[in-house]
Amino acid sequence: ASQFRSGPPPALWTGMYAHDFNELQAVGSLNSPNRPQHRTDVVRLYAIYNPPALWNSALLQIASTRNDEITDTARTMALMNMAVSDGAVANLETKYFYRTWRPITAIPRGGEDGNRRTIAGPFTPLINTPCFPSYPSAHGTLSNAARQVLEREYGRFGHLITFQHPTVPGVVLNYSDLREITDDISDAR
């Protein structure tokens with residue numbers, strides 16, 4: 001899996017790290033006054049959905065609008081799930097190679113990161129913190145792998161895709177562009 005390892009995360013002393021740290025401190029906390037409700041809804045929904053379930057749902061919604069042979073749809077679904085699985089292998093290898101801290105640890109210890117542009121502060125994340133390293137985002141990696149397959153098969157635009165989940169009542173996300181889905185997932189992570 002190491003041959004597919006992602007490049008390193010931003011170094012702690014860089015401006016990019018400080019930008020991400022400060023943005024997360026401003027909008028990623030549980031009670032952030034700086035985060036619009038729509039963004040909170042996106043985070044809550046994508047915290048529930050695992051990428052394979054999400055993208056299998058998207059594929060089935062797209063396929064239901066077409067007259068493709070079932071074998072073509074099955075092939076696309078198999079390829080997409082293989083890409084997601086391969087992405088998971090590379091993602092986990094990368095996570096444990098770099099072993100980056102999570103915001104729940106990084107923000108309260110911001111004075112220890114060697115970056116003069118970060119300031120330690122209290123932080124309670126909007127969603128529960130997973131028990132594995134932060135970088136890279138598994139949701140992002142797996143979702144981008146799935147999207148690449150779907151774009152090659154069905155194109156990026158012109159879809160009618162809806163995501164909702166009974167554990168997040170009242171939140172319904174609609175998309176016509178596959179990249180908007182991965183953009184939302186990236187922002188939510």
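Predicted model: local features only at pLDDT ≥ 70, side-chain atom pairs only at ≥ 80, totals over all residues.

Me: Then at what angle do helix 2 and helix 7 cross?
Reply: Roughly 95°, and their axes come within 9 Å. Helix 2 covers residues 37-48, and helix 7 covers residues 178-188. An angle from 65 to 115 degrees counts as roughly perpendicular, so helix 2 and helix 7 are roughly perpendicular to each other.

Me: Which residues make the contact?
Reply: Helix 2 brings R39, V42, V43 and Y46. From helix 7 you get I181, D184, I185, D187 and A188.

Me: And what's that by class?
Reply: Six nonpolar residues, three charged ones and no polar ones.

Me: Let's pick D184. Is it buried or exposed?
Reply: D184 has 13% relative accessibility, and buried means under 20%, so D184 counts as buried.

Me: What does the side chain of D184 make a polar contact with?
Reply: With the side chain of R39, at 2.9 Å. Leaving out residues up to four places away in sequence, D184 touches R39, V42, Y46 and Y175.

Me: How far is the C-alpha atom of A188 from that of R44?
Reply: They are separated by 8.3 Å, though A188 and R44 are 144 residues apart along the chain.

Me: Switching to helix 3. What should its 13 residues span?
Reply: Helix 3 runs over residues 51-63, and at 1.5 Å a residue it should span 18 Å. You take 1.5 Å times one less than the number of residues. The end C-alpha atoms of helix 3 are 18 Å apart, which agrees.

Me: Nice. Which residues of helix 3 are buried?
Reply: P51, L54, W55, N56, A58, L59, Q61, I62 and A63.

Me: And what do those buried residues pack against?
Reply: Quite a list: helix 2, helix 4 (70-98), helix 6 (138-154), strand 1 (157-164) and helix 7.

Me: Last one: what does a side-chain oxygen of N50 reach at the start of helix 3?
Reply: The backbone nitrogen of A53, to within 2.9 Å.

Note on methods
Residues numbered from 1 in each chain as written. Heavy atoms only, no water. Axes fitted to C-alpha atoms, helices over the stretch in contact; angles between N-to-C directions. Helix = DSSP H or I, 4+ residues; strand = E, 2+ residues; numbered from the N terminus. Parallel < 35°, antiparallel > 145°, perpendicular 65-115°, else oblique. Contact = heavy atoms within 4.5 Å. Nonpolar A, V, L, I, M, F, W, Y, C, P; charged D, E, K, R; others polar. Buried < 20%, exposed > 50% of the residue type's maximum accessible area, 1.4 Å probe, protein only. Polar contact = N/O pair within 3.5 Å; in protein donor to acceptor, adjacent residues only side chain to side chain.
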